[in-house]
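Q: Hi! Could you walk me through this one in plain words?

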Amino acid sequence: RRTGIAVLTGDRVEGLTGISDPVWGRGAELVGALTLTLPEVRMQPGFVDALRDTAAEATRQLGGAAGG
């Protein structure tokens with residue numbers, strides 16, 4: 001979470017990993033989150049790092065669409 005991305009495995013569904021990035025709107029208001037889910041067995045080392053920039057850009061665009 002220090003990096004702005006949350007990675008959780010098995011917190012809601014056993015064997016499922018979620019990678020989430022917040023979507024900020026106007027005035028730094030949290031308006032949602034972009035979450036990628038995948039089976040835990042498909043999670044690879046470095047996967048989060050590879051997605052970080054893409055997720056950040058997508059959430060910036062979503063935030064802009066939400067009035068941010």
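**Hairpins, sheet and pocket**

A: Happy to! Gly-10 has a positive phi near 75° and sits in the hairpin of strand 1 and strand 2, where six residues lie between the strands. Strands here are DSSP runs (E, at least two residues) and helices are runs of H or I with at least four residues, numbered from the N terminus. This is a predicted model, in which local features need pLDDT of at least 70, side-chain atom pairs count only at pLDDT 80 or more, and totals for chains, interfaces and linings use all residues. Residues are numbered from 1 along each chain as its sequence is written, and side-chain values use heavy atoms, with hydrogens and water left out.

Q: Thanks! What elements are there in the protein chain, and how do they run from the N terminus on?
A: The protein chain has one helix and three strands. Their order from the N terminus on is β-β-β-α.

Q: And in what order do the three strands sit in the sheet?
A: They make an open sheet in the order 1-2-3, with antiparallel pairing. Strand 1 and strand 3 are the edge strands, each pairing on one side only. From one strand to the next, the twist averages 20° (axes are lines fitted to C-alpha atoms, for helices over the stretch in contact, and angles run from 0 to 180 degrees between N-to-C directions).

Q: What does pairing mean, and how many bridges are there in each pair?
A: Two strands pair if DSSP finds at least two bridges between them. Strand 1 (residues 6-9) and strand 2 are joined by four bridges, while strand 2 and strand 3 have nine bridges. In general, strands of a sheet pair through backbone hydrogen bonds, either parallel or antiparallel.

Q: Which residues are partners?
A: Val-7 has Ile-19 of strand 2 as its bridge partner. On the strand 3 side, Pro-22 is partnered by Ala-33, and Gly-18 stands opposite Thr-37.

Q: Let's zoom in on strand 2. Is Thr-17 buried or exposed?
A: Thr-17, found in strand 2, is buried because its relative accessible area is 1%. Buried means under 20% relative accessible area, exposed means over 50%, and partly exposed is in between (1.4 Å probe, protein chains only).

Q: What does Thr-17 touch?
A: Leaving aside neighbours within four places in sequence, its contacts (heavy atoms within 4.5 Å) include Val-7, Leu-8, Leu-36, Thr-37 and Met-43. The C-alpha atoms of Thr-17 and Val-7 are separated by 7.1 Å, although these residues are 10 apart along the chain.

Q: How about Asp-21, buried or exposed?
A: Asp-21 is also in strand 2, and it counts as buried because its relative accessible area is 10%. Beyond four places in sequence, Asp-21 is in contact with residues including Gly-4, Ile-5, Leu-34, Ala-55 and Thr-59.

Q: And Trp-24?
A: Trp-24 is in strand 2 (residues 16-24) and is partly exposed, with a relative accessible area of 46%. Not counting residues up to four places away, it touches Glu-29, Leu-30, Val-31 and Gly-63. Its C-alpha atom is 7.5 Å from that of Thr-59, 35 residues along the chain.

Q: What happens in the hairpin of strand 2 and strand 3?
A: Five residues lie between the strands, and Gly-27 takes a positive phi near 70°. Ala-28 is in the loop between strand 2 and strand 3, and has a positive phi near 60° although it is not a glycine. Most residues other than glycine have a negative phi. Ala-28 counts as exposed because its relative accessibility is 60%.

Q: New topic: what is the volume of the largest pocket?
A: The volume is about 200 Å³. On a 1 Å grid over the protein atoms alone, a pocket is an open set of points with protein on both sides within 12 Å along at least five of seven lines, and lining residues have an atom within 4 Å of a point. The volume is the space filled by probe spheres set on the points, which are joined across faces, edges and corners.

Q: Which residues lie nearest its centre?
A: Leu-8, Asp-11, Arg-12, Gly-18 and Thr-35 do, out of 13 lining residues. Strand 2 gives the most to the lining, with five residues.

Notes:
1 Å grid on protein atoms, 1.4 Å probe; cavity = no way out; pocket = protein on both sides within 12 Å on 5 of 7 lines; lining within 4 Å.
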